[in-house]
Structure formats: structure tokens, C-alpha cells
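Please report on how two chains of this model meet. Keep it brief and give the cut-offs.

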Amino acid sequence: MGRRVAIVGAGMTRFVRRAQETGKELAFYAASEALHYCGMKLNQIDGVVLGSAPDTFDGVHMKGEYLSDGAGAWGKPYMRCYVGGGTGVFSVIHGWYHVASGAFDTCLVVCEEKMSSFQPHPQAAFLTIFDHTTERPLKPNLLWIFALEMNRYMNTYGLRKEDIARVAVKNKNNALDHPAAQIAAPVTLDDILKSEVLAWPVQRLDVSPVSDGAVAVVLAEESVARRITDKPVWIEGVGWALDTAYWTNRDLCYPRYVEEAARMAYRMAGVTDPRHQIHVAEPYDPFDYKELHHLEGLMLCGRGEAPQLTVDGVTRRDGELPVCPSGGLLGVGNPIAAAGLMKVAELFYQLRGEAGKRQIARKAKRGVAQAWGDLMQVGTVVVLGV
Amino acid sequence: MKPKKETLPLLPGTGLKDEDFKKGRVLTTRWDADARYGWDAGVAVGRYLAGLKEGVILGVRCHKCGRTMVPPRIFCEWCFRNIDEWVELKDTGTVNTFSLCYVTWDVRRIKEPQIPAVIEIDGASPGMGIMHLLGEVDPKQVKVGMRVKAVWKPAAEREGAITDIRYFKPI
Amino acid sequence: MALKQRLEQESQVKVWYGELPVESLYTAGVAGERFFRTLKEQGVFTGTRCEQCGIIYVPGRIFCERCLAKLERWEKVGSEGRLESWTVLYQGLDGKPLREPELIGLVRLDRASTVLVHRLGNVKPEELRIGMRVKAVLKPKSQREGAITDIRFFAPV
Amino acid sequence: MANRVAIVGIGATQFRSISPDVSYRELVYEAAVKAYRDAGIDPRRDVDTFVTCSEDYNEGTSIFDEYVPDQLGAALKQVHTIAGDGLHGVAAAVLQIMTGQFRVAVVEAHSKASNMLTPDGIAVCAQDPVFNRPLGFNNLFIAGLEMNRFLHTSGLTKLHCWQVVQKNRAHAFDNPLAGRAALVEEYDFANARPLAAPLDELDVAQPVDGAVVVVLADESVVRRLKGKPVWVEGIGWGNGAVSLESRDWDRPEYVTRAAVMAYRQAGIDSPADQIDFAEIDDTFSYKELQHLVALGLVSAAELSHWIEAGRTGTQGVLPVNRSGGALGMGYLYEANGLARLYCAVQQLRGEAGRMQLSAPRRAVVQSWRGLPTTSAAVAVLSV
């Protein structure tokens with residue numbers, strides 16, 4: 001079997017609406033912060049992996065190549081993976097298999113996104129994720145598919161908008177304690193329900209902001225990890241699954257690809273009862289209902305039951321199962337791939353007890369991070385433990 | 001603003017405002033990509049488009065799993081084998097889910113919402129939908145489960161495209 | 001013949017046309033801002049030095065790509081240098097032959113470890129030699145806008 | 001390597017300048033069906049992980065990874081995309097198998113180059129948007145600069161480059177997949193259209209459409225399958241400085257790094273003696289020459305003599321690009337490395353037909369990601 005792999009360091013830039021830094025510079029900041037965190041130098045890194053979502057955001061073709069120097073890939077084996085919005089968490093899986101294979105002792109994982117380069121508005125880049133012949137002529141936007149999925153979810157389980165919006169309140173307020181966060185002020189349930197309707201049932205504050213930013217983590221195999229830190233955070237399980245691209249042939253009320261991914265990760269981690277064996281979760285939350293959707297896919301609650309967990313306060317930082325203590329994408333911001341890796345970094349801080357004001361109340365030995373992407377299609381899951 | 005935010009560690013990264021660009025406070029370059037494509041529709045989608053030109057929605061069937069699929073493909077993705085048969089579907093269906101969208105693809109506000117929907121097509125297996133728009137309907141009246149029918153462009157205007165169906169309207 | 005049979009028998013070769021509509025606005029970045037401001041205002045080339053790797057990057061950068069050290073020491077380099085290679089480009093961005101072929105060179109400015117890519121001017125292709133001395137010819141200060149195009153070309157010294 | 005990995009199935013379409021009858025999905029499906037039949041496996045049941053290699057701008061679709069699972073039989077399974085050459089994809093597959101968590105992996109790459117109406121306008125978007133792109137140069141200028149410097153420092157001439165073109169395009173006559181076979185004569189060279197001096201149109205591999213799918217498996221599975229396994233003895237990949245300003249213009253050191261990594265795993269210390277044939281990058285004629293040296297197959301001092309003596313030809317001591325290479329098969333974007341790997345596997349199995357070399361035991365396969373990159377991958381294969 002593969003070797004044990006640990007996360008030993010993490011670092012990030014601030015998430016901002018428009019960064020002055022080039023993508024390379026953002027990647028450099030994140031990589032260098034992560035190395036500093038664990039006191040490592042670039043020459044101790046055997047390989048580098050990069051995660052970044054569509055090239056159209058940065059406006060650079062083959063952007064993995066373009067970002068390579070900022071990510072620390074000079075003279076090293078370097079690869080860029082992508083699975084749309086699922087990339088951030090997948091990049092850790094990508095790094096994991098580099099090290100678990102035995103071919104690498106250490107691996108630097110960097111995720112970057114500079115969405116602001118896209119003019120006039122980054123959302124328009126999403127037109128081109130749709131099928132060029134059978135869908136794009138209808139001029140779809142990204143809100144469509146989220147709204148279609150959210151409506152299907154609400155309809156199937158008879159859910160109320162205000163129960164879903166509580167997720168946005170929780171996460172946006174959690175983010176006030178995050179040093180990378182884009183959000184600057186507290187938000188109430190009323191703010192969200194009164195925010196402008198974009199694509200019913202999606203309103204402005206149900207959505208995470210577009211952002212520029214980068215995040216990096218350092219992975220190491222067991223013996224190296226123990227030399228670097230006395231608090232390695234182990235990658236206990238990884239999982240991913242990509243569903244059919246024919247998304248209009250699937251029932252959008254449930255993310256079965258997240259369940260597939262979670263089952264794979266739990267199997268590897270020996271988790272048989274996720275609701276009790278997982279102590280903190282960072283599911284993907286670009287929209288508020290997605291956190292709920294994903295909690296169900298991760299089997300942390302039954303189908304259609306996630307909204308009630310939020311209403312009951314179970315998922316608050318002082319709750320029994322804290323969810324998105326970082327503030328998530330809704331609060332910290334959503335530089336696509338970097339946002340997913342931010343979630344993994346949050347678990348790293350939480351499990352080491354280094355999350356400062358964000359530290360959850362309960363004792364946590366194991367957490368799960370998850371991202372989602374493509375045409376409501378991919379689930380990527382990492383189980384971390386100490 | 002919460003004052004306690006200032007006590008958080010300072011991370012690198014420089015946020016700019018819109019006016020920094022407008023007033024030329026930062027140096028920038030622009031590029032308008034010339035990235036044009038002519039995608040081969042291929043066998044399955046080629047026939048789908050040809051069918052639309054004729055005013056017909058075509059599907060395909062896999063005898064192994066028994067599914068009738070739309071949009072068409074030359075393989076069954078679940079059985080991983082060639083499809084067995086082409087079938088003419090109806091141009092009616094059921095709304096599986098929908099949205100009332102007040103923003104265009106390039107993020108401009110609109111007053112009257114567009115109503116994108118996933119429509120399960122009659123004659124295809126349950127749950128087999130396509131994405132399209134709804135029309136001739138009061139947005140307030142749209143419901144999941146609503147029965148709809150395609151409103152076609154006149155034959156002379158059809159070009160073999162998904163937009164040969166203008167939209168679906170309630171039956 | 002029924003429609004279905006007809007469609008199955010005919011070849012339906014069809015091409016669907018479209019594009020990636022990508023219009024981008026790029027910031028010069030923290031380092032680019034400083035490099036181009038200096039070029040624009042003072043007409044000089046500046047770089048950053050990595051002490052550990054012994055490299056002077058021109059244009060300057062905020063990081064050393066070899067060791068990821070943060071680079072903060074900016075210094076002036078020459079505006080003359082050595083031609084490391086050259087080419088005559090005949091093909092345009094539209095894939096068609098250029099009406100006027102472009103002379104392009106790689107120039108290592110004095111004291112720099114790296115090269116600049118730019119046009120060559122005041123010279124015929126047959127006069128070009130790898131190793132020859134060239135100097136930067138800038139646009140007049142009033143026309144400079146803080147971009148790589150503030151350099152008109154490099155010309156033989 | 002600890003957990004031995006073999007190639008157990010290969011499938012490819014023909015490489016043609018256009019493929020108007022099929023969509024990219026249908027193109028890939030054809031290659032996939034062939035590869036699974038070759039391996040004797042059912043993708044829905046037997047494959048643990050799928051890796052696809054693509055770039056959004058080449059496809060004209062953002063996050064193109066959305067559209068890959070169905071035609072591979074990979075829906076709702078473990079699939080991810082690498083923005084790299086097919087050989088990077090093979091590296092990703094090998095690493096996954098070496099973790100012990102996966103036993104059968106599939107790698108896919110394809111080119112629908114003919115669907116790009118503005119290939120030069122697309123390619124230029126890979127240039128640095130601040131320091132290079134505003135100059136408005138076609139990417140080919142980078143090859144012109146590099147080739148000029150290479151000829152200057154190596155003492156080789158355009159005649160040596162032309163010999164590469166003649167050899168590879170003639171080799172392609174024996175490769176039924178190849179789309180660019182031709183007898184190129186001196187008259188053609190004399191009349192070749194200049195692109196970026198000293199680079200002419202004939203020096204450049206021209207794009208084709210095609211798809212390649214490869215099946216890899218660990219030793220325990222290999223023993224159960226009927227076919228002849230081709231072992232991946234080593235796989236390496238590496239990057240150099242990407243910026244035009246700081247890269248090493250004299251040699252593709254990233255190729256050497258990738259080769260050193262692969263050779264170390266394969267236990268090769270004298271590649272020239274231990275390798276029977278090579279399928280290497282020849283995106284531009286001079287690149288094959290550069291890569292021969294970077295891979296340690298020929299010393300820089302001997303290079304001109306080697307070419308003049310035809311040592312890299314069919315009858316030579318080290319046949320290079322017997323498949324026709326990219327010059328002869330056509331340029332397949334992300335699928336270049338897999339096309340070479342495909343032909344190398346055919347050779348090692350003894351199934352290369354008119355291309356067949358006499359009983360080769362070990363091959364090196366190498367790819368480069370094209371302008372303006374400094375990324376390469378190298379695989380050592382053996383039977």
C-alpha cells in the first residue's frame with residue numbers, strides 16, 4: 001500500500017476582487033508563505049503541482065506553464081491538474097499520489113486564480129463551459145445551472161429559501177475572522193433575503209464573490225513530515241468522481257458524484273460512520289444551498305435534512321459538527337481553485353489548533369474537505385486527521 | 001467594520017479598486033483574443049441538428065439498458081457500447097426544473113426574466129431532459145412538473161440549430 | 001422515406017461556428033509596475049538581484065524563480081547589450097504572411113543575467129550577427145506609457 | 001520502480017488533416033474502444049482511474065474536463081484532467097498505480113486541430129501578456145530565435161535539419177496511422193516558405209486530428225491479461241524557466257532533467273548503449289537534433305557526423321522517429337506523446353508491420369509541450 005502522506009505547511013494570499021499582482025506573483029506569495037510556515041526551502045521540494053481552473057479567467061492559454069515559475073516549478077517535475085471547480089481539493093489528491101507513490105518525498109501544491117483579468121465581468125467566462133453546439137446558442141450563464149439545481153433541490157424536499165440562506169449568514173460572519181477574507185462587514189438573514197434576485201431562487205447574497213488569490217500547501221511522506229513538524233496532519237483518505245457530461249439527463253436534486261467521491265475517501269480512511277467520525281467539515285459553498293447539498297452527498301446527514309442542521313446551529317463553529325469555520329467561499333471569497341485549497345488549509349489549521357479566532361469549540365481529530373465543479377458533475381474529497 | 005479584523009495577521013496581496021484602473025493609477029495591458037472555432041458536430045449531434053431543421057427532436061436508444069436518450073450520442077455512456085436505434089421523440093415535455101433569470105450571460109440586468117429550464121422530453125426515458133427556454137408564460141405561473149410544447153421557428157427560418165426551437169410554452 | 005431513415009442515410013456533416021470571447025485586462029504586477037514606471041519616467045532599465053543565486057533579473061521581479069526568495073534590491077542595468085540571437089518573422093498573428101517581415105532579437109543588457117525580447121531596427125538582416133552590440137531606442141518620454149512598447153527597438157551601437 | 005507498471009492496451013484513430021465526419025467525442029470513442037479491446041478489458045468494470053490531457057483554448061471550451069468521461073466509459077468514475085502532454089498523463093497514471101490504490105488506469109489525449117480556425121491567434125495567448133504579447137509576434141519567432149542560436153552554437157546547418165525532415169516524412173510511409181508522409185526533395189526545400197528565419201514551413205510539423213488511448217496496469221493485473229506487456233521502466237518530467245527572458249536559450253535542460261529522472265528509475269547509466277530506438281519530439285526539425293543531445297543519446301560533438309552518416313535512420317544504430325514523428329504523422333497537440341508511445345509499443349511488441357525494427361528491447365519516448373513552453377516528459381519502455 002501507499003505511504004502515509006501529511007500536510008506540513010500552508011499559506012495563502014489575501015483574496016481580493018482585483019489584485020495588482022500578476023498570477024505568477026500571487027502564486028509566488030502563496031508558495032512562499034506555505035514554505036515559511038513549515039520552515040522549508042524550495043530546494044527541499046521534490047515536485048510541484050498546480051491547480052487552476054479555466055484559462056479564460058487569467059486570459060492566458062496553457063496557464064499552468066505560465067504560472068510555473070511563480071509556483072516554484074523551475075527545474076522540477078511539475079504538473080497541472082484540473083477538474084473545474086473541484087480543482088482546489090483535487091490538487092491535494094494530485095499531490096498525494098505524487099508522494100504516496102514513493103516517487104516523491106515532498107510536494108508543493110499551489111492553486112491560483114486571477115478572475116479579474118476577464119473583461120467586462122468574470123461571470124461571462126462561464127458561457128463557454130456549456131456545450132458549444134447544443135447549449136451555447138441559448139446564451140446560458142452560470143447562474144442558470146445553479147438556479148436550476150437549487151430549484152430542483154428545494155422542490156424535491158420542499159425546502160424554504162430562508163433555511164437555505166442561513167448558510168450564507170453563518171459563513172459570511174465566520175469569514176470576518178479570516179485574514180484572507182474579502183468580506184468586511186457582518187450580514188443578517190434579512191440582508192440576504194432582501195438582496196437583489198439574480199436568477200430565482202438565487203439572490204445576490206446567496207452567491208460567493210469573484211476573487212483573485214492563491215493558496216499553497218506542502219506535502220511530505222511520513223518520516224520527512226515528522227522531521228519537519230511534530231503536528232503533521234495526515235491525508236487519511238482521498239476520493240473523486242466525475243459524472244456524465246449529459247447533465248440534463250441527471251436528477252439535480254442530489255450530488256451522487258460527491259457521494260461516490262466520499263465513499264472512496266471514507267473507505268481509504270476507514271470511516272464507516274461519517275456523522276460521528278468526522279468532526280469538522282469544509283464542503284464547497286460557492287452558493288449557500290451547495291453547502292447543504294454537499295453535506296448530504298458527504299453523508300453527514302440524510303437527504304433533504306441539511307437545512308435543519310443549519311437551523312439547529314449544529315454547523316456553527318461552536319456546534320457539534322462545525323461546517324465551513326473558515327467562512328467558506330461565501331465569506332472568504334472564491335478564486336476558484338485557490339478557494340478549494342483554502343478549505344484544505346483551514347482543516348490543517350483547525351486540526352492543529354492553530355485557527356486562532358476561528359478555532360472550533362469542539363475537539364477535532366478528523367475533518368473532511370470537499371469541492372465540486374464542472375457541469376454540476378465532479379466531487380473531490382479529502383479526509384484529514386491528526 | 002469590525003475593529004478586531006485589524007488584529008488578524010497580514011497576508012500578502014494588493015487589492016485594487018475600479019477607479020484605480022479608470023484613473024490610470026496602475027499600468028495595464030489589454031488583449032482581445034482571436035480564438036475562433038468550427039466544431040465538427042459529428043454523427044450524433046449532426047443528425048440531431050438535421051432533425052431540428054425538420055422540426056423533429058431525435059433521440060437514441062440502447063437496447064441493453066433500455067434507455068432512450070436525448071441529446072443523441074453514438075454510444076451509451078453507461079453500457080459503453082454503440083447505441084442501437086434512432087427514434088423520433090415528441091416535441092412536448094415536462095418541466096423538471098427552471099429559473100427566472102434577471103441577468104444575461106454577460107451580466108447585464110434585464111427587466112423581464114429569461115426562463116431557462118430542464119425539460120424532460122416525451123418519448124425519451126424518464127429524467128431525460130434538455131436545456132431550453134420557456135416562453136409565452138407568466139413567470140409567476142411556472143411550476144416544476146408543468147407540461148410544455150416546443151414553439152418552432154417557421155421551416156424556412158430553421159437552420160439546423162438548437163435555436164430552431166424558439167422556446168417551450170405551456171400546453 | 002420516413003424522416004428517421006432519411007437522416008440516418010444521409011451524411012450530416014455539419015460544422016458549428018463559435019469562439020472563446022476572451023477580452024482581458026492585465027495588470028503589470030508589482031514588479032512590472034516598478035520596472036515600467038522607471039523606464040517611462042527615467043528611461044532606464046532596472047532589475048532585481050538574487051544574492052543567493054547570483055542572478056540579476058531584467059525586467060525585475062519580486063521573486064527568484066530558482067529559490068523563491070523575495071527580491072527587493074532593485075538596481076539599474078545598462079541600456080546597451082549583446083545580441084544573443086535574432087530572427088526574421090514572416091508570419092502574422094492571423095497566420096498570413098506579414099507584409100513587412102519583423103526583425104526580432106534577444107538582447108542581454110549589460111550587467112543583466114537575463115535577456116529582453118524585442119524588435120531590431122536601423123539594421124538589415126544580413127548585417128545581424130550573434131554577439132553584436134546593440135542599444136535600446138526608446139520612444140520619446142511624452143509618448144511612453146509604461147509598457148514594453150515604450151522601447152521602439154534595439155539598434156546596433 | 002517499486003510497483004511495476006505496464007502498458008497493456010493501445011488504441012488510436014488515424015491521424016488526418018481533417019475529420020469532419022466525427023465530433024471530438026466520437027473520435028475519442030473510436031480510440032477508446034480499440035484500446036479496451038486490445039487490452040481485453042471492460043472500462044465500466046475494470047478501470048480504476050482515468051486521466052485525460054487537454055487544454056481549454058485548444059478545444060474552444062472552458063473547463064473542457066467536463067466533456068471527457070462519457071466517450072471513455074468513465075462516467076461517475078475516477079477521472080481527472082492534466083493540462084499537459086499525454087506523457088504527463090501517463091506519469092499521472094503510473095504514480096496512481098504505484099500508490100497501490102489503483103490497478104488499472106487509462107490515459108487519453110486527442111487533437112481536433114482542424115476545428116481551430118485561428119490557431120496562431122489562439123497560440124499567441126500563451127505568451128506573457130505583459131512583457132511579450134504586446135509586441136504582437138506570432139509564436140514562431142521563438143522557434144526562429146532558438147533555431148538560429150542552436151545552429152550558431154552547434155555548428156550544424158540547415159542541411160542537417162532538412163535531413164531530419166526527409167527522414168521522418170519518408171518513415172511515415174510505413175505507418176498506416178500517419179497523415180503527413182511525403183518524399184521531400186531539395187527542390188521543395190529551396191522553395192519552402194520562410195516563417196521565422198532560419199525556420200521554414202517544411203521544418204514545422206503540421207497539425208492533424210486524431211485520438212490515442214492507452215491502458216496501464218500493475219503487475220498483478222498484467223499476469224491475468226493475455227497480451228504482451230510493455231513495461232514502463234521509467235517516467236520523468238520536468239520544467240525549465242518559462243519566461244523568454246530567463247530561460248536557457250542554449251539547451252533544453254528540462255528535457256535532460258526529465259530524462260535523468262526516467263533513466264534513474266530504469267537503471268540506465270549509458271542511454272546511447274542501452275536504448276534500441278527513440279520516438280522523440282520533432283515539432284520543429286531542429287528540435288529532434290536538440291533533443292537527441294539533451295536525452296544523452298548522442299554527444300553534441302558527434303551530432304553532425306551521426307546525421308550525415310544516417311545513424312538515426314531505419315538502418316542506423318539508433319533509429320529515431322521510425323513512426324514518422326510529428327513531422328511525418330502530424331502534430332497532435334496534447335496527443336503527441338501518446339502517438340509516439342503508441343508506435344513504440346507496437347515496435348516493442350513486434351507488431352509494427354512495415355515499420356518493424358529488428359527485435360528492439362528498449363525504447364525512449366519524449367515529448368515537449370511546444371511554444372512557448374519549457375516542459376518535457378520522458379518515458380523508458382521495455383519488453
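The report below covers the contact between chain A and chain D.

This is a predicted model: local features need pLDDT of at least 70, side-chain atom pairs count only at pLDDT 80 or more, and totals for chains, interfaces and linings use all residues. Residues are numbered from 1 along each chain as its sequence is written, chains are lettered from A and ligands numbered from 1 in the order in which they are written, and side-chain values use heavy atoms, leaving out hydrogens and water.

Chain A and chain D bury about 5000 Å² between them (accessible area, 1.4 Å probe, lost on being put together and summed over both). Carbon and sulfur atoms hold 59% of it. On the chain A side, His61(A), Glu65(A) and Tyr82(A) lose the most area to chain D, together 16% of what that side buries.

Residues in contact (heavy atoms within 4.5 Å) split as follows.

| Chain | Residues in the contact |
|---|---|
| chain A | 59 residues |
| chain D | 60 residues |

The interface has 2 salt bridges (side-chain nitrogen of Lys or Arg within 4 Å of a carboxyl oxygen of Asp or Glu). Glu65(A) forms a salt bridge with Arg369(D). Their closest N and O atoms are 2.8 Å apart.

Strands also meet here. β3(A) pairs with β3 of chain D (residues 79-82) in the antiparallel sense over 2 bridges (strands are DSSP E runs of at least two residues, numbered from the N terminus; pairing needs at least two DSSP bridges). Tyr82(A) has Thr81(D), in β3(D), as its bridge partner.

Terms used
Buried area is the accessible area (1.4 Å probe) that two parts lose on being put together, summed over both. Helices (H or I, at least four residues) and strands (E, at least two) are DSSP runs, numbered from the N terminus.
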